[in-house]
Amino acid sequence: MFRFSFRKLIVGFSRFNYSNMSTKSALVLVAEGSEEMECIISVDVLRRGGVDVTLAGLKGNEPTKCSRDVVIVPDKSMEEAIKCGPYDAIVLPGGLEGSKSFAASSTLGNLLKEQEKCGKIVAAICAAPTALKAHGIGLGKRVTCYPGLEKELVDSYKYSEDKVVVDGNIITSRGPGTAFDFGLTLVEQLVGSDTSTSVKKGLLL
């Protein structure tokens, strides 16, 4: 005889619900000379949005001096972080020296290429879009960057002066003053507009 158990149905539905809800993840990189506001604001806003963020040092997990002498301690090295991937988003803060280091890293380049190939988010702010170009990421798409650096991008991208530009899986932004917009856009793309709006309200923006 068939016996219907409402309790078992509820328990089963609950298990189905939660087992299929995966937390979104993001890898934020930092290097000597990275712009600290763009780095920390991105990490902070993403975590407020419920995203599991790993802050990784390009050249290890040692304290990293940023562009204005603020020292950031990464969660782990990039090599260690790669082993814990893949990530739903990879985020590059700006800062001229940090961006040059990002551009020169073949390991990061391979990581970004695989990220793009999988259709997952690649995000860069300020000077960091120049590192995307160095690794051939998102060529032909709409991007923005810090004013004055567009001359390095216009031959390979469609340049925009919007605060944040989303073109498919490529997200770019302009600088320290747009870092909150950048972070909130990442939250919106990863988690949804309701969460992004809630985080924005909590930040009093």
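The exercises below concern salt bridges in a predicted model. Local features require pLDDT of at least 70, side-chain atom pairs count only at pLDDT 80 or more, and totals for chains, interfaces and linings use all residues. Residues are numbered from 1 along each chain as its sequence is written, and side-chain values use heavy atoms, with hydrogens and water left out.

**Exercise 1.** State how many salt bridges a search of the whole structure finds.

*Solution.* The criterion is a side-chain nitrogen of Lys or Arg within 4 Å of a carboxyl oxygen of Asp or Glu. The search of the whole structure finds six salt bridges.

**Exercise 2.** Characterise the salt bridge of Asp88 and Lys120.

*Solution.* Step 1: the N to O distance is 3.8 Å. Step 2: Asp88 lies in the loop between helix 3 (78–83) and strand 6 (89–92), and Lys120 in the loop between helix 5 (106–117) and strand 7 (121–125), 32 residues apart. Here helices (H or I, at least four residues) and strands (E, at least two) are DSSP runs, numbered from the N terminus. Step 3: buried means under 20% relative accessible area, exposed over 50%, and partly exposed in between (1.4 Å probe, protein chains only). Asp88, at 18%, is therefore buried, whereas Lys120, at 25%, is partly exposed.

**Exercise 3.** Characterise the salt bridge between Asp155 and Lys133.

*Solution.* Step 1: the closest N and O atoms are 2.9 Å apart. Step 2: Asp155 belongs to the loop between strand 8 (142–143) and strand 9 (158–159), and Lys133 to helix 6 (residues 129–134), 22 residues apart. Step 3: Asp155 is exposed at 59%, while Lys133 is partly exposed at 28%.
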